[in-house]
Amino acid sequence: MIITKKGVFLKSLHIFLFIFISALFCGCASKNSDENITIKQSIINTQKARLTLHDNSTLLISATYLNNIKKYSENEFNMIALAFYYSKKGSINIGEPNITVNLKAAHAKELSENDEMVQYLPVKNPWSRYFLINAPKDNENFITLFVEIYPFERVLLRFPKAL
């Protein structure tokens, strides 16, 4: 099979790698049912985006809505764990994320790779940066998250709230 479009091949490769890593991660998980439920909940409550610049550098963003995970369901704030990875370290100075949750500015606190919140992200690697976003709860049925990291364009991620 000859693939003539590089973008189609890369997108297919990313999808395959995500499914493979997710299956491996779930398959190697402990047989503890609460732990398996938590892993499944984190995968279900994760949204991803891939942004590309003119020089073909890529920013991968992954966000997990933590309030739909049993451990954090009673928290007084909307909690979102955010990870991003930039493909060309050092070529552009990537700043802090500019975050808006349900059209209101929110603060993102940087987390270490070993932080408890990071364990709920389905895909982790040593090159990513991790953040915890806390935003006031409201009566909306969805969390609308806008993430902007200079020099990339703003991306929209939406999460349904558990009812």
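Are Y86 and F152 buried or exposed? Both Y86 and F152 are buried (under 20% relative accessible area with a 1.4 Å probe, protein chains only; exposed is over 50%, partly exposed in between). The model is predicted: local features need pLDDT of at least 70, side-chain atom pairs count only at pLDDT 80 or more, and totals for chains, interfaces and linings use all residues. Residues are numbered from 1 along each chain as its sequence is written, and side-chain values use heavy atoms, without hydrogens and water.

**Sheet**
- An open sheet with antiparallel pairing holds eight strands in the order β1-β2-β3-β6-β5-β4-β7-β8 (strands are DSSP E runs of at least two residues, numbered from the N terminus; two strands pair if DSSP finds at least two bridges between them).
- β1 and β8 are the edge strands, each pairing on one side only.
- Four bridges join β4 and β7 in the antiparallel sense, and L145 in β7 is the bridge partner of V101.

**Cores**
- The largest nonpolar core has 27 residues, of which I61, I99, V101, I133 and L145 touch the most other members (a core is a set of buried Ala, Val, Leu, Ile, Met, Phe, Trp, Tyr and Cys residues joined through side-chain atoms within 4.5 Å).
- A second, separate core of 13 residues includes Y72, Y120, L121 and Y130.

**Aromatic pair**
- The ring centres of Y86 and F152 are 5.7 Å apart and the planes lie at 70°, so the pair is edge-to-face (centres within 6.5 Å; planes under 30 degrees apart are stacked, over 60 edge-to-face, the rest tilted).
- Y86 is in strand β3 and F152 in the loop between β7 and β8, so the pair ties together parts 66 residues apart in sequence.

Terms used. Rings of Phe, Tyr and Trp (its six-membered ring) pair if their centres lie within 6.5 Å; planes under 30 degrees apart count as stacked, over 60 as edge-to-face and the rest as tilted.
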